[in-house]
Amino acid sequence: MASIFTKIINGDIPCYKVAETEDFFAFLDINPNALGHTLCIPKKEIDKLFDLDEPTYNGLMAFSRRVGIAIEKAIDCKRVGLTVIGLEVPHVHVHLIPLTTIEDARFINKTKLTPEDFEATAKKIAAHL
């Protein structure tokens with residue numbers, strides 16, 4: 001059965017897309033730690049980060065770097081943090097989180113956004129790619 005992320009890639013579930021290439025996809029996390037919290041995923045559905053073949057792993061990191069730089073330009077923050085946890089969805093995903101304090105990196109405090117906020121944020125980040 002396809003993961004929720006594969007359904008997003010296929011357009012079966014809507015998202016706030018930030019970037020897309022032939023092999024990778026980036027979209028805003030709908031339960032963000034901070035404004036601009038973005039997920040980067042390979043289009044290939046693989047459960048664990050270290051199960052990715054080396055070219056896909058390196059490609060995902062390069063894609064995430066590019067998106068992270070765009071986030072840092074678009075969102076007021078001290079830096080963009082990167083984390084890979086991988087327990088929530090069985091599809092490799094990199095969290096790019098704009099950080100002002102260490103608390104922004106914890107998955108406890110969440111930011112509430114309207115659909116309009118999500119749309120504007122996705123467009124703002126995409127404009128810096």
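Start by selecting Lys-44 and Asp-53: they form a salt bridge (a side-chain nitrogen of Lys or Arg within 4 Å of a carboxyl oxygen of Asp or Glu), and their closest N and O atoms are 2.8 Å apart. Lys-44 is partly exposed at 41% relative accessibility, and Asp-53 is too at 34%; the term covers values between buried (under 20% relative accessible area) and exposed (over 50%), with a 1.4 Å probe and protein chains only.

A word on what you are viewing: this is a predicted model, where local features need pLDDT of at least 70, side-chain atom pairs count only at pLDDT 80 or more, and totals for chains, interfaces and linings use all residues. Residues are numbered from 1 along each chain as its sequence is written, and side-chain values use heavy atoms, leaving out hydrogens and water.

Next, select Glu-20 and Lys-43. Their closest N and O atoms are 2.7 Å apart in another salt bridge. Glu-20 lies in strand 1 (residues 17–20) and Lys-43 in the loop between strand 3 (38–42) and helix 2 (54–74), so the pair ties together parts that are 23 residues apart in sequence. Helices (H or I, at least four residues) and strands (E, at least two) are DSSP runs, numbered from the N terminus.

Now move to Arg-106 and Glu-103, a salt bridge with 3.1 Å between the closest N and O atoms.

How many salt bridges does a search of the whole structure find? There are four.

Finish at Phe-107, in the loop between strand 5 (94–99) and helix 3 (115–126). Phe-107 is partly exposed, at 32% relative accessibility.
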